[in-house]
Protein chains: 2
Amino acid sequence: MSNQSIKLSVDAVVFGYEEGNISVLLIKRKYEPFKGEWAIPGGFVFNEESLEEAVERELHEETGIKINYLEQLYTFGKPSRDPRGRVVSVAYFGLVRPNAYKIVASTDAEQVQWFNINELPKLAFDHKVILKAAIERLQGKITYEPIGFELLDKKFPFSDLEKLYTTLLGRDIDRRNFRKKIVGLNVLDELDEKVSKGSGRPANLFQFNPKRYFQLKEEGIIFEI
Amino acid sequence: MSNQSIKLSVDAVVFGYEEGNISVLLIKRKYEPFKGEWAIPGGFVFNEESLEEAVERELHEETGIKINYLEQLYTFGKPSRDPRGRVVSVAYFGLVRPNAYKIVASTDAEQVQWFNINELPKLAFDHKVILKAAIERLQGKITYEPIGFELLDKKFPFSDLEKLYTTLLGRDIDRRNFRKKIVGLNVLDELDEKVSKGSGRPANLFQFNPKRYFQLKEEGIIFEI
DNA sequence: CTCATTATGTGTAGTTTGTACACAAAAGTA
DNA sequence: TACTTTTGTGTACAAACTACACATAATGAG
């Protein structure tokens with residue numbers, strides 16, 4: 001099989017969340033194919049780097065971002081997916097706090113921008129399919145793994161968490177029951193700090209406690225919303 | 001990136017189930033590297049075939065089996081995982097009814113054999129890691145997708161289903177509650193046939209109804225055990 | 001043929017979890 | 001100071017889960 005001529009690339013769907021909006025990080029391609037079109041950041045894997053290293057490198061090169069949470073999503077291998085020839089792409093799925101980093105376009109990217117997932121532009125390659133898979137994964141996973149916290153500030157008022165879940169799940173949540181449930185999971189620390197945004201009673205701040213979460217997980221107690 | 005020299009392969013972890021035993025299909029390698037050692041079936045992807053086609057081809061070539069259920073598991077890309085050089089492997093996860101096919105070794109395989117997942121031999125490459133991931137996926141997935149039926153005969157007594165779940169989940173199940181729950185999901189058809197194996201009251205046969213399952217799924221009713 | 005053995009089939013009560021729902025407290029603003 | 005806005009909290013009812021025992025239909029041994 002020395003005559004195999006398949007190229008391997010990685011792509012990263014990076015989600016951010018801010019004030020009730022879920023957004024994805026996209027780049028405008030500087031070169032052919034699909035020059036000038038929007039695409040998920042990514043690129044070819046170097047011979048000696050791992051797939052994760054490749055994703056982080058490409059992301060940093062093209063967008064300036066450093067990722068918070070990263071997991072493999074799916075590998076897309078349809079022979080026709082890239083006009084240049086056979087390219088198989090391992091797609092990853094990432095989460096960041098958008099305000100924690102400044103996005104800067106460089107190398108293959110002419111521009112970088114956050115897009116609300118409900119207002120997406122036309123995408124290059126099969127990136128629409130990849131993005132769809134990523135959104136489904138995010139929506140599915142948020143109910144049984146505490147990944148939502150990766151999208152919020154370290155310290156957050158309960159209402160932020162609630163708004164994140166209503167946005168992601170696309171349905172209303174009963175505030176009291178939601179809080180009861182999350183508090184019952186016992187993975188949040190209630191801080192002695194309050195935050196006030198505009199009018200209304202100031203909210204207490206909370207913080208996710210990963211240590212406690214992993215302890216509980218080992219004891220077989222599962223996170224589920 | 002024309003100087004990328006990464007090879008792409010696929011591997012398939014195929015599970016079977018018979019009489020309280022979950023087993024995996026392994027081959028004994030005919031050639032170097034790892035000649036004579038047991039491994040998951042798989043091989044290099046051809047330039048023009050999709051990943052799924054590659055898996056099915058390799059499986060058929062090496063073991064004679066045709067798969068019942070196939071899904072992508074994970075892509076393993078550690079630079080050091082293959083002594084021949086950089087090989088990235090897309091691992092798949094398959095289910096079959098073992099008695100439905102005759103396994104026959106050929107091409108790269110000197111031998112094919114079902115191994116109980118609790119009595120595994122030493123494995124070539126990083127196949128131990130792959131297998132572990134596959135087992136976890138199987139155990140996880142069986143509680144929220146009706147994939148268990150792919151491991152049973154088309155028509156099966158309830159006790160078979162129950163035994164499958166106790167085996168996979170590694171814990172006892174209350175027979176009455178389990179039956180109540182599954183029947184309540186409304187995805188099984190009760191047939192007018194009975195089967196008797198040795199002594200004991202003959203059991204009614206059941207059959208999974210995929211059509212009904214997909215209907216219910218679209219209505220938002222979820223399968224969960 | 002009868003009795004012991006084996007596996008299937010079935011209901012109910014108690015507990016736990018989920019759901020629906022409204023008002024007081026603490027801040028800002030006019 | 002009173003009006004608006006957002007946070008914080010408890011209870012009653014419904015649904016789901018759990019534990020649990022005995023009758024039924026077959027086989028096999030004596």
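The model is predicted, so local features need pLDDT of at least 70 and side-chain atom pairs count only at pLDDT 80 or more, while totals for chains, interfaces and linings use all residues. Residues are numbered from 1 along each chain as its sequence is written, chains are lettered from A and ligands numbered from 1 in the order in which they are written, and side-chain values use heavy atoms, with hydrogens and water left out.

The interface has 0 salt bridges, a salt bridge being a side-chain nitrogen of Lys or Arg within 4 Å of a carboxyl oxygen of Asp or Glu. Polar contacts, by comparison, join 17 residue pairs between chain A and chain B, with both residues at pLDDT 80 or more. A polar contact is a pair of N or O atoms within 3.5 Å; within protein, one must be able to donate a hydrogen and the other to accept it, and residues adjacent in sequence count only if both atoms are side-chain atoms.

Helices (H or I, at least four residues) and strands (E, at least two) are DSSP runs, numbered from the N terminus.

Arg86(B) sits in the loop between β5 (69-76) and β6 (87-95) of chain B. Arg86(B) is buried yet has no salt bridge, and the nearest side chain of opposite charge, Glu49(A), is 6.6 Å away. Buried means under 20% relative accessible area, exposed over 50%, partly exposed in between (1.4 Å probe, protein chains only); for charge, Lys and Arg count as positive and Asp and Glu as negative, while His and the chain ends are not counted. The Arg86(B) side chain does reach two backbone oxygens: that of Glu49(A) at 2.8 Å and that of Gly77(B) at 2.7 Å.

Arg81(A) lies in the loop between β5 and β6 of chain A. Arg81(A) counts as buried because its relative accessibility is 8%. Its side chain reaches the backbone oxygen of Val87(A) at 2.9 Å and makes a polar contact with the side chain of Asp126(A) at 2.7 Å.
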